[in-house]
Amino acid sequence: MEFIGLYPTWHEPTIGSGWVVGLIATIHVLFSHTSVGAAIFFAFLATIAYRRNQPELLTFIKKYGLFLLVFAYVAGSITGVGIWYSTTVASPRGISALIHSFVWKWATEWVFFVIEVVGVYLVVYLVGKVDQRTHLRITWIFALASYATMLIIIGILSFMLWPGKEAWFTEGGYLNGFYGSNTFAQLAMRSAFMFTMTAVVGGIVASRLTDLDLRREIIRKLAWLGIASTITGTALFSWYTNTLPEHAHLVMQARLPDWFSVSLLAVLGGILVYFIASLIQPRLLTPVVASIATVSILVFGLWPEEVARESIRKPYVAGEYVYSNQVIGRDVPGMGIRSEIPVIQAHGLLKTHVFLPEELREVNGENAARVGRAIALSMCANCHSVTDTGMRPLRNYLGGHTDVARIKTYLKGALTTGNTLYMPLIPLTDEEAEALAVYMASLNDPQVPARYAAQRADIARAQSPSASVSMKE
Amino acid sequence: METELLYALRDPAGIPSHPVIFLVLGVLTFALHIAAVQMMLGASTLTLWGAFSKEPYRRRLAHSMINVAKVMVSVAIVLGVAPLLFVQVIYDPFWYTANVLSAWWVIGFILILLVGYTLMYVFYWRNHHLSDPAQKLSCPGAMVASVVLLLVVGFIMHVLSQQMLQPEQWMSWYAPNGDLETRGTTLHAFHPWRFLFFISLSAPVTGALLVAYQRYFRARDDVEPAYLDWVRDLAYRMINVGGVVALLLGGVWMATLPQAVAGFALSLWVWVAAGGLLGFVAFAHWVRGKGDSPWAYAVLGVGTVAIILVAVAREALRWAKLHGVHGYNALDYSINMDWYSTLTFFITFGVMGTGVLAYYLTVAWRAGQTRGVYTASAVVDRMGNIAIAMLVLWIVHYFVLGFVWWAL
C-alpha cells in the first residue's frame, strides 16, 4: 500500500490556524519592510549628514535605530522565525515545499541577516565613536545587506504564489522557480511600500525630537519619502496585479468583496493625505498621531493585503502544486514530484493517510462521525473551522441541513470533481463521503450520529441471513 | 511508527545538495546557536546576581552583562535560524510531526520569547545606572521574569527535540483514545537531565566569554585593573565549577537514556565530547597560569570547539535513535542537485559574509578599545571598500541574472 505523507493536523478552535499564521505574518511584514526601508533611509541621511556637515541628522539615525532595534529587530526577527513556526504547525507540507526548493536561498538570506543584525548595532552605537567615513561605510553595508534580504525573500514569496517560469514544472531548477514576472513586479511594489512604512513609523521617532528645526526637517523628509513611495507603489501595484496568473484574477473576482478595491484606494488616499498634512504642517505630527497611523497601516493596509494574497493562491498553498489541505495536487516532472490524487482515488484517504488510528481506517455505523471528523480535520480544517468560530466554519455551508444523503451528494459534487474554482480536488470514496456527511450534519444536529448508527444497524440486521430466516418464519 | 511511513513523510521535491552537507551545517550552526543561548542565559543570570548586590564590582559586572545579554538574545535568534532551517531539510518527517503535536506551544514559543526579550529591555531601560550601587534597583522582577521566560522557551525547544526522537509514541499522542487530538496543547516528552546538561553549560561558556572580556578591557586605561582581576577569578571559577557540574549532569543524562539506545552512553562520541569539555577546562587552567596573555581569547575558541563536540555527540545520538532503532537514514534523501543555489550560498557565506563580518568586527573591536573617536587605518578602510564592493556585486548579479533568465 502506498502512503501519502500527510502530517497530523493542528486545529486552533477559536480563530483557526490560518488566522494565527496571518496575524504573525502581517506583523512581521510591517517590521521587516520598515527596517529594510529604514536601513536605506539611514544610508541616505548619513551621506547627507557627512557631506553637508549636518551631524544633527545622525541624532535621528541613532534614535530611530534604537527604536528599530526593539521594534523591528527584536520583534521583527522573532516574528520572522514565528512565520516559520506557525506555518510549520499550520501547513507543514507548504513550508516544506518552500524549504526543500529554496534551502540554499534561505541560507544565503541568513548570511545577509547576520550582517544586518550586527550592522544595526554598529550603526547605532558607533555614531560619534568612529570616524565619519567609517561610519558611512558601516551604514551603507547595513543598507545593502538589508535590501539583499528582501531580494531573496521576494523570490520565495513569488514562488509560493506562482513559480517564476512555467518551465519549472517540466525542468525544475531553482532559477526557473525563483525568477519570473511576478518576482520583479512584487519586488518593485514592495520596495516602494517599504519606504511608505519607514516614513510612517519614522514619524513616531521624529515627532519626539526636541530640537524643533531638526524635527521639522526630518518630518518633511519623511513626508516627501512617504508621498513619493505611496504614489510609486500605487502605480506598481497595477503592474503586480497584471503579473498574477489568470486563476488568481478569477479568484479575486469571485472571493474578494466588491468594496475591496475601493477600500484599498481609500487607504492609499488616506496615507497620502497624512503625508501631505505633515509636510505642510509638521507640528500636527505627534507620537500619538504617528502611532495611530502605524496601527492603521497594519490593520487597514497590510492585513487585507495579506488576506488577499492568501486567497488568490487558492486552491494551492505553495508553488501551484501543494493544495491548501497539504495534498500534492499536480505532477511536477521537473522535480520528480507526482500528484497524490490518483493514489487517494485508488485506495481512499483513510487507507493512505499516515496519521490515522487503525480503528478509523474502516467506516461503520458506530464510528462514522469520528471518521468524518478525522477527514474534516485533515482535508478541510486548514481553511474551514470545524467549530462555530474561526475561519469559514464548515457548518455554515450546509444551510442548516442535516440530511446525510443530501450532504453526501453535495460533497461528492463539490469536492471530488475538482470543479470548484478555489477548492482542492478531494477524492472521497463513497464511504468516506458518507462519513464526512454524517460528521457535517452532526455540526447542526448532534443526534445525527446516533440516528445514523441505528439506521445502519437496522439495515445490517435486515440484510443478515439470520434476519431473512426469521422474517420468513 | 514503521520505517515505510517515516519515509512517506519526506518531501517529494528532494534536496538540492548531498544530505551530508546539511547534516554538517546543522551540527555546526546548532553549536554556535546553543553557545549564544548559553551566553545569553549566563549573562542574564550574572546580571541578576550583580543587580541584587550592593557590592560595586558585582553591580559593574551586571551593567556590562545586561548589555551582553540583550545582544546575545539577538545573536541566539539569528544563529538559531540556520539549524532550524537545516533540521527541516533532512529530518522533516520528525521535526514537522514533533511541532504539530505541540503546536500551541510552538506558537507560544514566539509570544513567550517576545515577552521575555521585551522584559529584558524594560529592565535595561529602567536601570541605566546599574553599575552604581547607590542607585536603587528598578523593576528587578522584569529581569527575573525575563530569565524564567527564556528558560521556558528553551524548554519548549528541548521538548520538540525529544518528541522528534520518539516516533513510536506519535500515534498515542495524536490519537490517545482513537480520536484525533488536534489542539496541540500538550508537551509530550522531555528529559530533565538532558535539558539541565545544556543549561548548565551556560556557566563554563559564559566563563570563557568573561575571560575574553577581562582581557579585552585591559587595553583600556579607564577600566580599573582590580575589577578585571576580580572578573578573571570569577570567570575561571565558573569554568571549573560549571564544567564539572555539566559533566556530571551529562553523565546522568547518558545513564538515563532509553533502553533502545542505552549503549550509546559508552560510545566513542560520548567520550570525545566529555574529553572536549575536560580539555576545555584544562586549557583554561593552563591559560590562567600564563597570566595576562592573548591566550585568554583562545579560551573562548577552545570552548566553542568543546560545544561543537557536544553538538556532534547530540547528532550521533539522534542518528542512533532514528537510524539504529527506526531505520531512517537521513543520508539517503533523494537529491535534485542544484549547483547554482548551492554555489551561491557557499560563495556568499565563505567570501562575502566572511569579508563583510571581518570588517564589521574589526571596526567594533578597535572602536571598543579606543577612548574617544576611532579612526580607521588604510587597511581597515580598504576592507570596508571591498565589503561594499562585494555587496554591490552580489546585488548586481541578482538583477542581471534575474532579468536575463526572465527574458530567456
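This is a predicted model: local features need pLDDT of at least 70, side-chain atom pairs count only at pLDDT 80 or more; totals for chains, interfaces and linings use all residues.
With a relative accessibility of 7%, Lys321(B) counts as buried.

### Salt bridges within chain B

Lys321(B) forms a salt bridge through its side chain with Glu168(B), at 3.2 Å from N to O. Lys321(B) belongs to helix α12 (residues 295-325) of chain B and Glu168(B) to helix α7 of chain B, so the pair ties together parts 153 residues apart in sequence. Glu168(B), at 40% relative accessibility, counts as partly exposed.

A further salt bridge joins Arg371(B) to Asp221(B), with 3.1 Å between the closest N and O atoms. These two residues sit in loops: Arg371(B) between α13 (339-368) and α14 (378-407) of chain B, and Asp221(B) between α9 (202-216) and α10 (225-255) of chain B. They are 150 residues apart, and the pair links distant parts of the chain. Both Arg371(B) and Asp221(B) are exposed.

Chain B also holds a network of salt bridges that links Arg218(B), Asp229(B), Arg232(B), Asp233(B) and Arg288(B). Over all chains, the structure has 32 salt bridges.

### Salt bridges between the chains

How many salt bridges are counted between chain A and chain B? The count is 2. One is formed by Asp179(B) and Arg370(A), whose closest N and O atoms are 2.7 Å apart. This pair runs from the loop between α7 (167-174) and α8 (192-200) of chain B, where Asp179(B) lies, to helix α14 of chain A, which holds Arg370(A). Asp179(B) counts as partly exposed because its relative accessibility is 30%, and Arg370(A) counts as partly exposed at 31%. In another salt bridge, the side chains of Asp381(B) and Arg137(A) meet at 2.9 Å, N to O.

| Residue | Partner | N to O distance |
|---|---|---|
| Lys321(B) | Glu168(B) | 3.2 Å |
| Arg371(B) | Asp221(B) | 3.1 Å |
| Arg370(A) | Asp179(B) | 2.7 Å |
| Arg137(A) | Asp381(B) | 2.9 Å |

### The contact between chain A and chain B

The contact involves 93 residues of chain A and 104 residues of chain B. About 8,800 Å² is buried between the two chains, and carbon and sulfur atoms give 75% of this area. Tyr85(A), His100(A) and Trp104(A) supply 11% of the area that chain A buries against chain B, more than any other three residues.

Across the interface, 33 residue pairs are in polar contact, with both residues at pLDDT 80 or more. Several helices of chain A each supply at least two residues of the side that touches chain B, among them α1 (17-51), α2 (56-90), α4 (132-161) and α14 (368-379). The most comes from α3(A), with 25 residues. By class, this side of chain A has 64 nonpolar, 20 polar and 9 charged residues.

Thr134(A), in helix α4 of chain A, has a relative accessibility of 0% and therefore counts as buried. Beyond its neighbours within four places in sequence, Thr134(A) is in contact with Tyr359(B), Val363(B), Ala376(B) and Asp381(B).

Phe109(B) lies in helix α5 (residues 103-126) of chain B and, at 10% relative accessibility, counts as buried. Leaving out residues up to four places away in sequence, Phe109(B) touches Tyr85(A), Val153(B), Ile156(B) and Met157(B). The C-alpha atoms of Phe109(B) and Val153(B) are 5.5 Å apart, although 44 residues separate them along the chain.

### Nonpolar core and buried helix

The largest nonpolar core has 322 residues, of which Phe60(A), Tyr321(A), Tyr91(B) and Leu210(B) touch the most other members. Its largest share, 21 residues, comes from α3(A). Residues touched by Phe60(A), beyond those up to four places away in sequence, include Phe41(A), Leu45(A), Val205(A), Leu209(A), Ile218(A) and Leu222(A).

In chain B, helix α4 (residues 92-101) has 10 of its 10 residues buried, so it is largely enclosed by the rest of the structure. Buried residues of α4(B) include Asp92(B), Trp95(B), Thr97(B) and Asn99(B).

### Chain A as a whole

Chain A contains 18 helices and 2 strands, and its C-alpha trace spans about 110 × 45 × 35 Å along its principal axes. Of its 473 residues, 64% count as buried. Among contacts in chain A with a separation of 6 or more, 73% are between residues 24 or more positions apart.

Key: Residues are numbered from 1 along each chain as its sequence is written. Chains are lettered from A and ligands numbered from 1 in the order in which they are written. Side-chain values use heavy atoms; hydrogens and water are left out. Contact means heavy atoms within 4.5 Å. Buried area is the accessible area (1.4 Å probe) that two parts lose on being put together, summed over both. A salt bridge is a side-chain nitrogen of Lys or Arg within 4 Å of a carboxyl oxygen of Asp or Glu. A polar contact is a pair of N or O atoms within 3.5 Å; within protein, one must be able to donate a hydrogen and the other to accept it, and residues adjacent in sequence count only if both atoms are side-chain atoms. Helices (H or I, at least four residues) and strands (E, at least two) are DSSP runs, numbered from the N terminus. Ala, Val, Leu, Ile, Met, Phe, Trp, Tyr, Cys and Pro count as nonpolar, Asp, Glu, Lys and Arg as charged, and the others, Gly among them, as polar. Buried means under 20% relative accessible area, exposed over 50%, partly exposed in between (1.4 Å probe, protein chains only). A nonpolar core is a set of buried Ala, Val, Leu, Ile, Met, Phe, Trp, Tyr and Cys residues joined through side-chain atoms within 4.5 Å.
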